[in-house]
Amino acid sequence: MKPGTMATRLKEFLLGITLGLSLTIIYVSKSVVEELPLLSPSGAHTLTQRSPEFQPQGAVRLGSNYSGRSPYPSYTNYLPDNDLEDDTVARQLRQQVRVLVWVMTTPQNLDTKTLAVKQTWGKRCNVIIYFSSVTDLDFPTVSLDVPEGRTHLTGKTMAAFRYIYENHFEEADWFMKADDDTYVILENLRFFLSDKNKEDPIYFGHLFKRNVRQGYYSGGGGYVISKEALRRFGKKAVNSTVCREDGGDEDVEFGICMEKLGVKTSRSLDEIGRSVFHPMHPEIHILGKFPSWHRKYTAGIPQKGFGVSKYAVSFHYVPPDDMRILDFYLYHIRPYGIHSSQQKCNATKDQ
């Protein structure tokens with residue numbers, strides 16, 4: 001036999017073996033897949049066979065009774081967010097600690113930043129008001145009749161608190177200012193305020209130690225004033241020379257205003273000294289990548305990592321999609337079998 005002929009037959013023999021093995025693997029794989037249980041249309045997990053006595057606590061099998069609209073078209077029988085959570089305590093606090101939040105925004109941000117607020121944490125406020133320079137009845141927003149721009153942020157803040165005092169004073173016990181890129185965890189805010197007295201002249205936030213004798217709070221991290229603080233503002237600071245009407249740095253000017261009205265600041269920490277209000281993105285606070293000015297301005301030592309309270313209230317500079325991701329992590333994803341114990345959260349003294 002010629003060498004060329006032998007090589008050709010060897011190649012044909014090897015090709016035949018390869019083809020045969022491939023067909024065998026495909027056939028076996030198809031048989032195994034056909035025998036595996038699939039995800040049933042009813043939404044019940046059947047991929048893993050379990051003993052009849054194993055039933056996860058709180059497991060609910062959803063069927064034709066569920067008429068809600070899911071954001072996930074392929075899995076219409078799953079409820080989104082926290083619909084299956086036991087939120088009894090959170091609902092009780094919602095009634096006991098009434099919080100009005102007002103959001104500073106602009107017309108150009110309504111379809112981006114402000115929409116993300118409305119779709120996420122804004123739904124959990126007792127009352128939420130969006131203030132802009134233009135009234136939009138569809139969103140809705142309230143016009144403050146103050147021009148846009150950084151030089152008018154003080155004017156917008158003073159006008160917003162004046163509007164709330166005149167129109168919504170009896171609807172809440174605490175009144176919070178936030179930006180349209182601030183993310184607020186309302187349940188934690190109510191928990192933080194639950195042992196505070198709304199009749200005390202006090203307010204809370206991330207405390208900066210410069211420019212104002214008693215310090216002032218970061219505007220972006222959000223600050224919340226008591227009912228008494230708003231009462232003093234409405235009675236003494238409106239149409240007077242006590243507080244600046246516009247100009248300057250908004251959070252500094254509001255801090256000066258509160259100091260003149262006898263409204264006190266505090267470090268606003270949880271009971272073991274962890275930070276609660278945060279003027280920057282979660283990543284910066286968790287990793288501790290603070291800019292130098294933050295360390296110079298922050299009262300006390302800036303907390304990072306596990307120094308951030310597990311009952312954190314707010315973060316700033318959060319883009320719209322990051323808000324939606326935070327919302328998903330906080331209100332949907334859970335490690336099965338681990339339940340949080342309720343603990344005290346509050347501390348107002350310097351630590």
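How many nonpolar, polar and charged residues are in the lining of the second largest pocket? I am working on a predicted model, and I keep that in mind throughout. The count by class came out as eleven charged, ten polar and nine nonpolar residues.

Entry 1, the second largest pocket. I read off a volume of about 770 Å³ for the second largest pocket. Its lining holds 30 residues, and the closest to the centre are Arg150, Leu153, Asp179, His316 and Tyr317. I then checked which secondary structure elements contribute. At least two lining residues each come from α4 (153-167), β4 (174-179), α7 (250-260) and α9 (292-297). Helix α7 gives the largest share, three residues.

I searched the whole structure for cavities of 30 Å³ or more and found one. I noted about 150 Å³ as the volume of the largest cavity. I listed 18 residues in its lining, with His206, Leu269, Ser275, Thr298 and Ala299 nearest the centre. By class, I have nine polar, eight nonpolar and one charged residue in the lining of this cavity.

Which peptide bond did I note as cis? The bond is the one joining phenylalanine 139 and proline 140, with omega about 0°. I placed proline 140 in the loop between β2 (127-132) and β3 (142-143).

Next I looked at phi. Aspartate 145 has a positive phi, near 55°, and is not a glycine. I found aspartate 145 in the loop between β3 and α4. Serine 268, also not a glycine, has a positive phi of about 55°. I located serine 268 in the loop between α7 and α8 (282-287).

Is aspartate 145 buried or exposed? My entry for aspartate 145 reads exposed, at 71% relative accessible area. For serine 268 I have 2% relative accessibility, so serine 268 goes down as buried.

I found serine 218 in the loop between β8 (216-217) and β9 (223-226). Its relative accessibility is 5%, which is under the 20% cut-off, so I count serine 218 as buried. What does the side chain of serine 218 reach? I get the backbone nitrogen of glycine 221, at 3.1 Å. I then set aside the neighbours within four places in sequence and listed the contacts of serine 218: His206, Phe208, Tyr223, Asp251 and Pro279. His206 was already in my notes as one of the residues nearest the centre of the largest cavity.

I went through residues 186-193 and counted seven of the eight as buried, so helix α5 is mostly covered. The buried residues are Leu186, Asn188, Leu189, Arg190, Phe191, Phe192 and Leu193. What covers the buried residues of α5? My list includes the helix α2 (88-96) and the strands β1 (99-104), β4, β5 (183-184), β6 (203-204) and β9.

Methods
Residues are numbered from 1 along each chain as its sequence is written. This is a predicted model: local features need pLDDT of at least 70, side-chain atom pairs count only at pLDDT 80 or more; totals for chains, interfaces and linings use all residues. Side-chain values use heavy atoms; hydrogens and water are left out. On a 1 Å grid over the protein atoms alone, a cavity is a set of points where a 1.4 Å probe fits but cannot get out, and a pocket is an open set with protein on both sides within 12 Å along at least five of seven lines; lining residues have an atom within 4 Å of a point. Grid points are joined across faces, edges and corners, and a volume is the space filled by probe spheres set on the points. Helices (H or I, at least four residues) and strands (E, at least two) are DSSP runs, numbered from the N terminus. Ala, Val, Leu, Ile, Met, Phe, Trp, Tyr, Cys and Pro count as nonpolar, Asp, Glu, Lys and Arg as charged, and the others, Gly among them, as polar. Buried means under 20% relative accessible area, exposed over 50%, partly exposed in between (1.4 Å probe, protein chains only). A polar contact is a pair of N or O atoms within 3.5 Å; within protein, one must be able to donate a hydrogen and the other to accept it, and residues adjacent in sequence count only if both atoms are side-chain atoms. Contact means heavy atoms within 4.5 Å.
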